Amino acid sequence: MPSLSILLIDDDDSQREVLSGFMKKNDYKVSSYASGEKGLEAVKKNYVDLVITDFKMPGIDGLEVLEKVKEINPEIAVMIITAFGTIEDSVHAMKKGAWDYLSKPIDLDELKFKLKKLNQYKNLLQENENLRSRLSDESIESDIVYKSSEMEEVINMIARVSQSNASVLIMGESGTGKEMVARAIHESSSRSENPFVPVNCAAIPETLFESEFFGHEKGAFTGSHKKHKGHFEISDGGTLFLDEVADIPLNFQVKLLRALQEKEFQRLGSSQIIKTDIRIISATNQNIKQKVKNDEFRSDLFFRLNVIPITIPPLRERKDDIPLLVEHFKDKYARQNGIDVDKITQEAMDSLMRYSFPGNVRELENIIERAVILSRDSNITCEDIALKNTQELCEDIDTGLEEQVASLEKSMIKKALQESNNIKTEAARKLKISERVIRYKIKKYDIKV
Ligand SMILES: Nc1ncnc2c1ncn2[C@@H]1O[C@H](COP(=O)(O)OP(=O)(O)OP(=O)(O)O)[C@@H](O)[C@H]1O
Ligand SMILES: [Mg+2]
């Protein structure tokens, strides 16, 4: 743990030496001065975490030191040493913004304890600072990369809709970046300080929609041992992202519509009405209009969700984006894995430009991630692009990684289910995935259980 840098001001030579010696022995960085004037000059020149100053001194006294230090940098903590029995001085100093005080005769254990506390506090502040800057780095990293005019339209749309509260429906094939766009809308809206809550509607068992969205009270139904906040309550003030929205079952669609219209809902098992302020963004890779025609999706809900439609074209229809995306993912995974990758060969890039990417940007990202790890010299070659599929990919065949991965997943899930007598929990455990994920995938791959 990094330790505090301390500046000590005391006109009493022997006390100054004792204190400074003690703090140095405890691994703090200490510089000491015999007057307020000299001490303040030093504060101006070098940053310190803490100033410890005697209260009564000729010339500039402790209170004035406190005031001046706060003017120079309000983040510097100040501790005042007061004479025995002058509690009013300490109170006065605390009111003026002192971090703490010590009264004479100084108890060294107490000083040690106070320094330790301050040190922990400063380190915590620093961690928060680091975390914040890391978070903002990540949001830079998640910036949408594009060059094509098709994506430019999407970006313009994001800018326009983020200023409003209107519902947005994002349509596009799997892996085109729907969630990324939804996040970008939220981030650039006035709600960005509040939560963005993504909900995968395809992964929720039909009977649990109400409690997932509206929450429930303790004992509202069998198995509800605890009070539970639903997505509506959690996303209050922010954005609720309904991913795979076309998979919401009809009976819940009615309830969802009502809650959206009234801007209020009730927890299961409670009569209390809770008001909400939520922006809804939904996404689907299905033909939801067709579902409306087939009466599988309520038209009134569809109109409510589809105030502003955004369609993200598949990657094969905006090939201009491929080179930039390749560069972006190459740098990202090279950095992440600490691997030096210089460039991607022309031949490899050509084959990527010819490929149709059924799994869109996500598939491209996976291909590049793997290639970075596999690249033996500093170049990414055709061989690195897709180990098993090299031939196909480089010879321009349209089946790719995504389908192969899907068929592998499907067969692994089938096998696990067989081995677990079709008990999903059991199969999920074998596969080291959650029960919800297995349900989702069973539905996605239409596996008969
Ligand atoms: N234009 C882009 N620039 C940079 N990264 C992108 C871009 N588009 C997509 N990605 C990345 O591709 C991956 C897939 O994107 P995302 O999850 O947003 O797609 P999706 O459309 O929601 O997919 P699905 O339908 O499968 O849920 C993510 O890792 C995302 O960061
Ligand atoms: Mg998604």
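A polar contact here is a pair of N or O atoms within 3.5 Å; within protein, one must be able to donate a hydrogen and the other to accept it, and residues adjacent in sequence count only if both atoms are side-chain atoms. This is a predicted model: local features need pLDDT of at least 70, side-chain atom pairs count only at pLDDT 80 or more, and totals for chains, interfaces and linings use all residues. Residues are numbered from 1 along each chain as its sequence is written, chains are lettered from A and ligands numbered from 1 in the order in which they are written, and side-chain values use heavy atoms, with hydrogens and water left out.

**Exercise 1.** Find the backbone contacts of ligand 1.

- Start with V145: one of its polar backbone atoms sits 2.9 Å from a nitrogen of ligand 1.
- Move on to G177, with a backbone N or O atom 3.1 Å from a ligand 1 oxygen.
- Finish at T176, where the distance from a backbone N or O atom to an oxygen of ligand 1 is 3.3 Å.

**Exercise 2.** Describe the shell around ligand 1.

- Sort its residues: six are nonpolar, five polar and six charged (Gly counts as polar).
- Trace the helices (DSSP runs of H or I, at least four residues): α7 (178–187), α13 (321–337) and α15 (360–374) each give at least two shell residues.
- Check domains (bounds from an automatic or database assignment): domain 2 (149–313) and domain 3 (316–399) each contribute at least three.

**Exercise 3.** How far apart are the centres of domain 1 and domain 4?

- Locate domain 1 at 5–132 and domain 4 at 404–444.
- Taken over C-alpha atoms, their centres are 62 Å apart.
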